[in-house]
Amino acid sequence: MTEPVAKPHPTENDPSATRLLALSDGIYAIAMTLLVIDVAVPAHLDDAGFHKALGEALPSIGAFALSFSLLSGFWRDHRRILTALPTETTVVTRLILLGLGLVALLPFPTGLLAEYASHPEAVALYAGAMTAIHGVHVALLLLTQRQVHPSPESPAAVARRRFTAQLATSALVFALSIPLAYVNTTAAMCFWITLVPTHYLIGHYWHRLPRP
């Protein structure tokens, strides 16, 4: 009796995966483009007015750079998750759409952060959006872990768990910065920088784990 052939994971060339990837790429592209709308300097200013307006645009440029870099990471992570999915269940599809909806909304908290960074509500809303997007990606990874990697000790499964841990840590950092924003908005935004060493330490820890 011939053994059934295992169904391969969907790739970017499969029709269903292609539709979701195309939708995702479009939403990410639009969200990234909308981030720059608030970065502007009025026309026909004199020298003093120009330099003043340029200085006033710096917060918008900073918020744009922050959100664009984070969205770039979200886009990369999203494609990595989506192309590895073995099936597209209703729950998985809804989670993907929820994540894309949050991404499409991101220009709004980015604009608030640029204009009202001294207000705790603006910082908290931005951190909340980041927490939610990371949370959706973590949920997708946990929900499909066994389907993607039936063998939990395989190198690919270990790498996926490391990836999950890094995203979960990002969600935790942004979540912790929400109450911190109501104490000190600058401290809350500076707290986001801890993502860099935290991700490095998680990767270093996982690389040092004994291999099976």
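The chain has eight helices and zero strands. Helices here are DSSP runs of H or I with at least four residues, strands are E runs of at least two, and numbering starts at the N terminus. This is a predicted model: local features need pLDDT of at least 70, side-chain atom pairs count only at pLDDT 80 or more, and totals for chains, interfaces and linings use all residues. Residues are numbered from 1 along each chain as its sequence is written, and side-chain values use heavy atoms, leaving out hydrogens and water.

**Whole chain**
- Of the 212 residues in the chain, 39% are buried (under 20% relative accessible area, 1.4 Å probe, protein chains only).
- The accessible surface is about 12100 Å² (Shrake-Rupley method, 1.4 Å probe).
- Carbon and sulfur atoms hold 68% of that surface.
- Among contacts (heavy atoms within 4.5 Å) between residues at least 6 apart in sequence, 72% join residues at least 24 apart.

**Core**
- The largest nonpolar core has 38 residues, and L71 and I96 have the most contacts inside it.
- Such a core is a set of buried Ala, Val, Leu, Ile, Met, Phe, Trp, Tyr and Cys residues joined through side-chain atoms within 4.5 Å.
- α1 (15-34), α2 (47-82), α3 (90-105), α5 (120-148) and α6 (155-181) each supply at least two of its residues.
- α5 gives the most, with eleven residues.
- I96 touches L20, H78, L82, L85 and L140, leaving aside residues up to four places away in sequence.

**Surface**
- V41, L45, F50 and L54 make a nonpolar surface patch of about 290 Å².
- Patch residues have over 30% relative accessible area and no salt bridge, with nonpolar side chains (Val, Leu, Ile, Met, Phe, Trp, Tyr) joined within 5 Å; a salt bridge is a Lys or Arg side-chain nitrogen within 4 Å of an Asp or Glu carboxyl oxygen.
- L45 lies in the loop between α1 and α2.
- L45 counts as partly exposed because its relative accessibility is 37%, between the 20% and 50% cut-offs.

Note on methods. Patches are made of residues with over 30% relative accessible area and no salt bridge: like charges are joined within 9 Å, nonpolar side chains (Val, Leu, Ile, Met, Phe, Trp, Tyr) within 5 Å.
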